[in-house]
Amino acid sequence: MTVTTKMDGTKLTVSAEGKLGTSAAPELEKAVKDNIGGVTELVFDFAGLEYMASAGLRVLLSAAKVMKKQGGMKIINVTPPVMDVFTFTGMADVLDIETE
Amino acid sequence: MKELTIEATPENVDTVIEFVDEQLEAYGCGMRAQMAIDVAVDELFANIAHYAYNPDTGYATVRVDVLKDPLSVEITFIDHGKQYDPLAKEDPDTTLALEDRPIGGMGIFIVKKSMDEITYEYKDGKNILTIKKNI
C-alpha cells in the first residue's frame with residue numbers, strides 16, 4: 001500500500017492506494033497520527049484502494065472519533081469492495097462516504 | 001487442491017493472500033469476489049497469527065480448493081493452537097452511534113457477511129475453519 005498525505009491549511013488529505021489489510025494498516029495509522037493535530041477537515045481519498053480489512057476500519061474509526069471533536073471527516077472515491085465492508089459493518093451509516 | 005504451511009505471524013498475512021490469489025488466477029474470478037476473499041483471508045490468518053499460539057509461535061496450513069457447479073472456492077485454515085471457535089462470538093451491534101462504537105471486533109463479522117458458507121470444527125487438537133465463496 002502507498003500512503004500520501006497533503007496538508008492544506010488545516011485540511012489534511014490522506015490518500016491510500018493498494019491493499020489496506022493487517023500488514024498495511026499501521027502505515028495508515030501513523031500517517032493520521034503524525035498529522036491530525038490541529039486538523040479541522042480530514043479527507044481520506046480511497047480512489048486507488050483495492051480492498052480494506054477490519055484493520056483499516058479500526059484506523060478510520062479512531063480517526064473519526066478524534067475528528068468528531070475537532071472538525072469533520074470524509075472518505076471519498078470509495079470503490080465497491082471497500083464500500084461492501086462499510087455496508088456490512090454499519091459504518092456506512094455513521095461516516096461521511098462518497099463512492100467513486 | 002493446493003496448500004501452504006507457514007508460520008502464523010502477522011508478517012506472513014500478505015504471503016498467504018498472494019498464495020490464495022495465485023490459485024484463483026486461472027478461474028476468472030470477479031474482482032469484487034476476489035477482494036472479498038482477500039479480506040476474509042486477511043482476517044482469518046491474522047486472527048490465527050495474533051491468538052492461536054500467543055505468546056508462542058506456531059504454524060498454520062491454508063488449503064485452497066476450487067469446486068465446480070457452481071464455481072466456488074473453498075479455503076480451509078488449520079492450526080494446532082488453543083481451541084477457539086470464532087463463530088461462537090456474538091455479532092457486533094452495527095447500529096451504534098459513532099462515539100459508542102468499540103474499536104475492533106469486526107473482522108470475523110465481515111467474513112460471515114461476505115462469504116457464502118463458514119464452518120468451524122475442532123478435531124484431533126486442530127482448529128479447522130472453512131470458508132466458501134461462489135465466484
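Which residues does B:Glu3 touch, not counting residues up to four places away in sequence?

Modeller: When residues up to four places away in sequence are left out, B:Glu3 touches B:Thr61, B:Val62 and B:Arg63, where a contact requires that the C-beta atoms of two residues, placed from the backbone, lie within 7 Å. Before going further, please keep in mind that this is a predicted model, in which local features need pLDDT of at least 70 and side-chain atom pairs count only at pLDDT 80 or more, while totals for chains, interfaces and linings use all residues. Residues are numbered from 1 along each chain as its sequence is written, and chains are lettered from A, and ligands numbered from 1, in the order in which they are written.

B:Glu3 belongs to strand E1 of chain B; helices (H or I, at least four residues) and strands (E, at least two) are DSSP runs numbered from the N terminus. B:Glu3 is classed as partly exposed because 13 other C-beta atoms lie within 10 Å; the scheme calls a residue buried at 20 or more such atoms within 10 Å of its own C-beta, exposed at 12 or fewer, and partly exposed in between, again with C-beta atoms placed from the backbone. By C-alpha atoms, 17 Å separate B:Glu3 from B:Tyr27, a residue 24 places apart from B:Glu3 along the chain.

A compact globule of 135 residues would have a radius of gyration near 14 Å, and the 15 Å of chain B agrees with that; the radius is taken over C-alpha atoms, and the globule rule is 2.2 Å times the number of residues to the power 0.38. The C-alpha trace of chain B spans about 45 × 35 × 25 Å along its principal axes, and 33% of its 135 residues count as buried. Among contacts in chain B between residues at least 6 apart in sequence, 68% join residues at least 24 apart.

How far may this be trusted? The mean pLDDT of chain B is 95, with 100% of its residues at 70 or more, pLDDT being the predictor's confidence in each residue from 0 to 100. Within chain B, confidence is lowest in helix H2 (residues 31-52), at a mean of 95, and highest in strand E4 (residues 117-123), at 98. For the complex, the predictor gives an ipTM of 0.93 and a pTM of 0.95.

In the complex, 22 residues of chain A are in contact with 25 residues of chain B. On the side of chain A that touches chain B, strand E4 (49-52), helix H2 (54-70) and helix H3 (80-88) of chain A each supply at least two residues, and H2(A) gives the largest share, eight residues. By class, that side has 10 nonpolar, seven polar and five charged residues, with Ala, Val, Leu, Ile, Met, Phe, Trp, Tyr, Cys and Pro counted as nonpolar, Asp, Glu, Lys and Arg as charged, and the others, Gly among them, as polar.

A:Val59, in helix H2 of chain A, is buried because 25 other C-beta atoms lie within 10 Å. Leaving aside neighbours within four places in sequence, A:Val59 is in contact with A:Ala25, A:Leu28, A:Glu29 and A:Val32.
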